[in-house]
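Here is a short note on charged pairs and a surface patch. Please keep the structure open while you read.

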Amino acid sequence: MTTGKKPRSFGGVEREVQKGLTRLHKLVFRATGGRVMGRMLGMRVLILHTTGRKSGQPRETILTYQRDGDDLVLVASNGGTPNHPTWFLNLEAHPEVEVEMGKGREKKRARRASAEEKKRLWPGITETYRGYAGYQKRTERDIPVVILEDA
């Protein structure tokens with residue numbers, strides 16, 4: 001189910017602007033303990049700390065999330081592009097992660113939601129941010145839903 005439209009990729013200048021805005025977002029988020037810029041697209045924000053699957057180096061990504069009981073739920077949409085986001089590939093290789101929410105960091109273990117779990121979670125995800133449904137229509141890959149559980 002694709003629209004036939006290729007997702008637009010960022011050029012050099014756009015990519016640098018996006019990186020700068022992301023750095024600013026993380027800086028403000030950390031400085032205020034998440035009180036400022038702690039929400040995006042109607043969803044709460046966290047900083048995910050992973051280990052690079054190839055480099056072994058620490059990586060961090062600011063992402064939206066939802067709660068499912070005690071678990072955190074992430075969506076590896078990558079804007080509906082054909083490829084999984086790098087953070088998702090990193091956590092598949094190294095599922096032990098940490099998350100920053102507010103002032104503290106918590107250890108979590110990441111796993112891909114089962115088909116049944118995704119079926120249960122997806123309506124709430126797309127209700128909170130309708131863009132995810134559009135991303136799924138735009139790509140042939142099944143967009144993974146990730147569950148972060150206490151380590």
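1. The structure holds twelve salt bridges. Here a salt bridge is a side-chain nitrogen of Lys or Arg within 4 Å of a carboxyl oxygen of Asp or Glu. Side chains of opposite charge can pair when their charged atoms come close.

2. The model is predicted: local features need pLDDT of at least 70, side-chain atom pairs count only at pLDDT 80 or more, and totals for chains, interfaces and linings use all residues. Residues are numbered from 1 along each chain as its sequence is written, and side-chain values use heavy atoms, with hydrogens and water left out.

3. Look at E96 and R109. They form a salt bridge, with the closest N and O atoms 2.2 Å apart. E96 lies in strand 5 (residues 96-101) and R109 in strand 6 (residues 104-112), so the pair ties together parts 13 residues apart in sequence. Strands are DSSP runs of E, at least two residues; helices are runs of H or I, at least four; both are numbered from the N terminus.

4. E96 is partly exposed, at 44% relative accessible area. R109 is partly exposed too, at 40%. Buried means under 20%, exposed over 50%, partly exposed in between (1.4 Å probe, protein chains only).

5. Now K118 and D142. Their side chains meet in a salt bridge, 2.7 Å from N to O. K118 sits in helix 3 (residues 115-128), and D142 in the loop between helix 4 (131-138) and strand 7 (145-150), 24 residues apart. K118 counts as buried, at 13% relative accessibility. D142 is partly exposed, at 46%.

6. K26, R30, E60 and E100 are linked in a network of salt bridges.
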